[in-house]
Amino acid sequence: MGTLTRPAIAFVNPSVGFSDRRKSKPIGLAYIMAYLEKAGFPSSGFDFGDSEDDAVELAAHYGLDRFDVVGFSVYNESFRAAIAMAEWIKNRRPECLIVLGGPHATAVHEHILRRYPCVDVVVRREGEEAMLDLVRGLGAGADADGDGDGDRYVDVDVDGGVDDRAGLTGIKGTTWRAPDGGGLLVNEDRDFVPDLDQIPFPDAEFTSHSGYPDLTYYRSHGRTRPGGGRGRPTGLVRDLVRGGPRTDRRGLAVARRAASRRR
């Protein structure tokens with residue numbers, strides 16, 4: 001049993017710049033947060049998806065520069081807000097590991113890393129396993145090596161340690177800048193999680209100054225389903241990266257598991 005450090009982790013759903021949209025928790029980030037929590041890595045969630053406030057003011061108000069790792073779920077319409085927040089964090093805390101993921105980041109991962117130095121790594125496609133590998137690689141967790149022996153962990157500021165990333169740049173499903181400045185490191189794709197029911201239920205709390213309705217539904221193909229922030233975008237990413245059919249895997253998995261809880 002070892003004593004390991006555990007970084008402070010935040011996940012952010014940036015603003016799309018307007019508020020007239022269906023409001024629901026970002027289910028993709030909730031899945032990742034629950035997955036990390038189960039492995040011994042608690043995190044904080046921030047949902048600014050429908051905020052009309054300035055992105056930098058939001059980052060400052062909620063203290064996003066106090067975290068060692070900040071992950072952004074990025075869509076086309078929220079990309080500029082994510083970059084503004086990331087630049088502000090990097091200016092105040094250069095050692096913070098900035099991670100981008102989601103549909104937009106997956107589609108243009110190389111462009112992002114070439115153009116925006118505030119971004120350290122892009123996690124492509126599904127993010128649960130890749131994010132767990134990243135935070136484990138930073139040297140922290142109740143079971144950081146995954147062997148089930150319950151390693152002890154302590155919460156510490158990992159200043160200095162986060163910049164030692166040589167062991168992280170080979171993680172499947174991630175894209176990095178080469179440490180020597182000679183281009184990009186585009187690692188092989190990670191397989192999609194075959195059975196979503198093996199991932200913990202996305203029970204994660206988000207700080208949101210606009211709040212949520214009790215339950216959100218939307219109509220699609222003659223059926224009523226719980227609204228979610230990941231199912232369709234994940235399917236769209238599959239169309240982009242491998243030509244597969246669009247699916248609502250995440251939303252349907254949540255509905256199925258929620259129904260089983262009511263029985």
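Trainee: What should I know about the model before we start?
Mentor: This is a predicted model, where local features need pLDDT of at least 70, side-chain atom pairs count only at pLDDT 80 or more, and totals for chains, interfaces and linings use all residues. Residues are numbered from 1 along each chain as its sequence is written, and side-chain values use heavy atoms, with hydrogens and water left out.

Trainee: Strand β4, residues 69-73: how many of its five residues are buried?
Mentor: Five of the five, so β4 is largely enclosed by the rest of the structure. Buried means under 20% relative accessible area (1.4 Å probe, protein chains only), with exposed over 50% and partly exposed in between. Strands are DSSP runs of E, at least two residues, and helices are runs of H or I, at least four, numbered from the N terminus.

Trainee: Which way do the β4 residues point?
Mentor: Val69, Gly71 and Ser73 point one way, Val70 and Phe72 the other.

Trainee: And which residue stands opposite Phe72 in β5?
Mentor: Leu100. β4 and β5 (residues 97-101) pair in parallel over five bridges; pairing takes at least two DSSP bridges.

Trainee: New topic. How many aromatic pairs are there?
Mentor: Five. Rings of Phe, Tyr and Trp (its six-membered ring) pair if their centres lie within 6.5 Å; planes under 30 degrees apart are stacked, over 60 edge-to-face, the rest tilted. One of the pairs is Phe46 with Phe48, tilted, at 6.2 Å centre to centre and 35° between the planes.

Trainee: Is Phe48 buried or exposed?
Mentor: Buried, at 0% relative accessible area. Phe46 is buried too, at 4%.
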